[in-house]
Amino acid sequence: MNPGAAPTVRKAGAARPLPEGARRSHALEHFTGVLTRSEPMQVLDLGGIQQGTLDFVTNLGHRLYAEDLLRAAGAAFTREQLESGSLEERAVEEFLAQSIPFPNGAAGGALMWDRFHFLPAPLAQAVAARLYRVLRPGAALLAIFHPEAAKAQPSACVCRIVDEQHLLMTPRGEPRRTQPFTPRSIERFFHQFQSVKFFMTRESVQEVIVRR
Amino acid sequence: MWNRNKKEEDDTPMRSTAPAPETMRDTYAAPAYPARRSIEDAPTRAAAVIGKSVVVTGEITGKEDLLVDGRVEGDIDLPENRLTVGVGGHVEGGVKAREIVVYGVVHGNMEAGERVEIKKNAKVIGDLRASRPVIEDEAYFKGNVETIRVDPPKQAARPAAVAAAAVPVAAAQPAAAPAANPGTPPEIRRG
């Protein structure tokens, strides 16, 4: 993309019908707003790469870094370690250096999707702290939390951006143990960041936009 | 009689030598490399093959398509051609090619002037630069993706305008420029 050219955003519903299961996301609209107002920058997708997200972000002129933190955690730690949450500090540092290999202030946005929900508490907190350092001031982070009241263990979702207003979340893989989050605990979780904005969807999913 | 002629006319397109449809050309069956090549690579585009049991250590450069089904430990540079890393292929090193298609494993940065396709169940760790990156569901990719923008050629310009526009570019070329790539259009120089 020509850095001098204004970014273009495909208007929702203008050309193509939405895929089945796509839903509107106000958090994504906020996140898109940050992307469209920014010069070409580094964006992180820590839920694993999806073609729709890749096209959307790179068409706006940004670079996309992709990694699936759940998969990476599964490779770096044993199942027992992840379930008990007893992780060595050095191993966590190594995991973060491998999975989010950026210097301080290098990224302008991060898509965390629902990954915080499925990481053990100490690891999730360490990832949040790492993102605080890697994101530059004013950067946005999008996170999703499944309904607290869900009785069955949810599966992690494959999430992709359909357009600037719509997301497609598809549960994939076996149900996983989740870390419970309430609005209050989410605020505490992101206490380092400048602001936390909540969006409740029709499916009772909590979407969050966190500003660095 | 009329019907028979009609039938012959109807049959004619079926025997045409039109290229295979895109969907057909993109299908891939692991053991069927010869069939794929026979469709896609016509007689003039036979691909070199690094077989399953072959291990290559060092840099590979060339001007023909390459299929890696074995292991390559080193950089691969095929600026005008296509690299295919087969299901059993494993590349440990940087890759530059016109097109890159990965069914196997690549651990290194990839750069393609045209498309890069990372197929389902492929594994790529490294940065990716291409004009058309395509990553299928259930492929594993870790790294940075950057899209190279290629401006489409302007066809509406008049020949005189094109010649005039080409002069500064041509003038900027060194006198002893390397031989032109046969695939690229000839430069227009003012006589």
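1. In helix α3 (residues 69-76) of chain A, the residues A:Leu69, A:Leu70 and A:Ala73 are buried. Here a residue is buried if 20 or more other C-beta atoms lie within 10 Å of its own, exposed if 12 or fewer, and partly exposed in between, with C-beta atoms placed from the backbone. Helices (H or I, at least four residues) and strands (E, at least two) are DSSP runs, numbered from the N terminus.

2. This is a predicted model, in which local features need pLDDT of at least 70, side-chain atom pairs count only at pLDDT 80 or more, and totals for chains, interfaces and linings use all residues. Residues are numbered from 1 along each chain as its sequence is written, while chains are lettered from A and ligands numbered from 1 in the order in which they are written.

3. The buried residues of α3(A) fall within an arc of 100° when seen down the helix axis, so they line one face of the helix; the arc is that of the directions from the helix axis to the C-beta atoms. On the other side of α3(A), A:Gly74 and A:Ala75 are exposed. The cover over the buried residues of α3(A) includes α4 (79-84), α5 (89-99), α6 (115-118), α7 (121-134) and β6 (155-161) of chain A.

4. The contact between the chains takes 11 residues from chain A and 11 residues from chain B, where two residues are in contact if their C-beta atoms, placed from the backbone, lie within 7 Å. On the side of chain B that touches chain A, the largest share, seven residues, comes from β13(B).

5. Strand β3 (residues 63-66) of chain A runs antiparallel to β13(B), joined to it by three bridges. Two strands pair if DSSP finds at least two bridges between them. In this pairing, A:Leu64 stands opposite B:Val145.

6. Within chain B, strand β6 (residues 76-85) pairs in the parallel sense with strand β8 (residues 95-102) over seven bridges. B:Leu78 has B:Ala97 in β8(B) as its bridge partner. Strand β4 (residues 66-68) of chain B also runs parallel to β6(B), with three bridges, and B:Leu67 stands opposite B:Thr84.

7. The largest nonpolar core has 88 residues, and those touching the most other members include A:Leu141, A:Leu142 and B:Ile100. Such a core is a set of buried Ala, Val, Leu, Ile, Met, Phe, Trp, Tyr and Cys residues joined through C-beta atoms within 7 Å. Strand β5 (residues 135-145) of chain A gives the most to this core, with eight residues.
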